[in-house]
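This report goes through one protein chain part by part, from its inside to its surface. Look at the sequence and the structure first, then read on.

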Amino acid sequence: MTSPILVTGGTGTLGRLLVPRLTDAGRQVRVLSRSRYESGDGAEFVQGDLAKGEALESAVDGVRVIVHCASDKRGDAQATRNLVRAVSSHSPAPHLVYVSIVGVDRISLGYFRSKLESERIVADSGLPWTTLRATQFYDLILKGVSSAAKLPLVPIPSGFRVQPLDADEVAARLADIALDPHPAGRAPDIAGPEATTAADLLRTYLHTTGRPNRKILSLRMPGTRAIRNGTLLPQGPLHTTTRTWSDFLAKTPAPA
């Protein structure tokens, strides 16, 4: 019987798209979650806490691939360290796939520093590993612009340069990596088809939702010079997706 693939963060934005891709490929999938879920649709849910390092040994038992999608603005590095510790003595060592952020090594904000530290923990773990850096997800951008659009004057950070993408296309790439028997180390970054600005994303959203004449307030935010200079844009080898922001908006209802 094929060994299961463990997915951390399997109920989150990315993980919930990845899990069915793996099960559709005929693989057993084990999902690690802090909350209790009923197993079903080819996925086994197990409870455990990455941040506290609780109940991880049973979660990783027998797995040959781990896709680490779980992320939290607090304690990402410690969670990754706990995961690596739980599998460090396993033989054969599982392939650890980590999802990070494009530009994480060029921005000094706290969350990015934690993600970069996690990358280093994975690379230094002694495990076979692959790290995939992705740009921002359309889902998260949609939450931001839909919330801002409720205000009389719609605020947007000025000069933010981004190349976002659909999380489902990241899930497809992650599934390919997880099913590949050869770890890649640092994989080519993955980004959307269009380099643009936060303001243009907002304008497209307002036009799509029938509010093209709404007034926009462009705000210069302190501490964001690096983002205005393009550090969130990919550099070097790149896997480019195909689904545009307009495509995403056409099929996705705005949050209530």
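## Helix α5 and what covers it

In this predicted model, helix α5 spans residues 138–148, and its buried residues are Tyr138, Asp139, Ile141, Leu142, Val145, Ser146 and Ala148. An α-helix has 3.6 residues a turn, so residues three or four places apart point the same way. Among the elements that cover the buried residues of α5 are the helices α1, α6, α7 (198–208) and α9. The cover also includes β7, at residues 154–157.

## The nonpolar cores

How many residues does the largest nonpolar core have? That core has 28 residues, and those with the most contacts inside it are Val7, Leu18, Val67, Val170 and Leu174. Two or more residues come from each of the elements β1 (5–8), α1, β2 (29–33), β4 (65–68), β5, β6 and α6. Helix α6 gives the most to this core, with seven residues.

Val7 shows what such a position looks like in detail. Not counting residues up to four places away in sequence, Val7 touches Leu18, Val19, Leu22, Val29, Arg30, Val31, Leu32, Val67 and Cys69.

Thr23 lies in helix α1, which covers residues 15–24. Is Thr23 buried or exposed? Its relative accessible area is 18%, and because buried means under 20%, Thr23 counts as buried. Leaving aside its neighbours within four places in sequence, Thr23 is in contact with Val29, Asp41, Gly42 and Ala43.

## Salt bridges

The whole structure holds 13 salt bridges. Three of them are set out below.

| Residue | Partner | Closest N to O distance |
|---|---|---|
| Arg133 | Asp105 | 3.3 Å |
| Asp166 | Lys251 | 3.7 Å |

Consider the salt bridge between Arg133 and Asp105. This pair links distant parts of the chain, 28 residues apart: Arg133 is in strand β6 (residues 129–134), while Asp105 is in the loop between β5 (95–101) and α4 (110–123). Arg133 is buried, with a relative accessible area of 5%. Asp105 is partly exposed at 43% relative accessibility.

Asp166 is buried at 3% relative accessibility, whereas Arg243 is partly exposed at 25%.

Asp166 also forms a salt bridge with Lys251. Here the link runs from the loop between β8 and α6 to helix α9, where Lys251 lies, and the two residues are 85 residues apart. Through shared partners, salt bridges join Arg21, Asp166, Asp168, Arg243 and Lys251 into one network.

## A loop and a surface patch

Pro183 is in the loop between α6 and β9 (185–186). At 37% relative accessibility, Pro183 is partly exposed. Which residues are in contact with Pro183, leaving aside its neighbours within four places in sequence? They are His95, Pro128, Trp129 and Thr130. Pro183 and Thr130 are 53 residues apart along the chain, and their C-alpha atoms are separated by 5.5 Å.

On the surface, Leu153, Leu217, Leu219 and Met221 form a nonpolar patch. Together these residues have about 300 Å² of accessible area. Leu217 belongs to strand β12, residues 216–219. With a relative accessible area of 35%, Leu217 is partly exposed.

## The annotated region

In the UniProt record, an unreviewed entry, residues 9–139 carry the annotation "domain: NAD(P)-binding". Over residues 9–139 the chain is 33% helix and 21% strand. The end C-alpha atoms of this stretch are 16 Å apart.

Key:
Residues numbered from 1 in each chain as written. Predicted model: local features only at pLDDT ≥ 70, side-chain atom pairs only at ≥ 80, totals over all residues. Heavy atoms only, no water. Patch = residues over 30% accessible without salt bridge, like charges linked within 9 Å, V, L, I, M, F, W, Y side chains within 5 Å. Areas by Shrake-Rupley, 256 points an atom, 1.4 Å probe, with all protein chains shown as cover. Salt bridge = Lys/Arg side-chain N within 4 Å of Asp/Glu carboxyl O. Helix = DSSP H or I, 4+ residues; strand = E, 2+ residues; numbered from the N terminus. Buried < 20%, exposed > 50% of the residue type's maximum accessible area, 1.4 Å probe, protein only. UniProt positions renumbered as here; feature names shortened; annotations may be inferred. Contact = heavy atoms within 4.5 Å. Core = buried A, V, L, I, M, F, W, Y, C linked by side-chain atoms within 4.5 Å.
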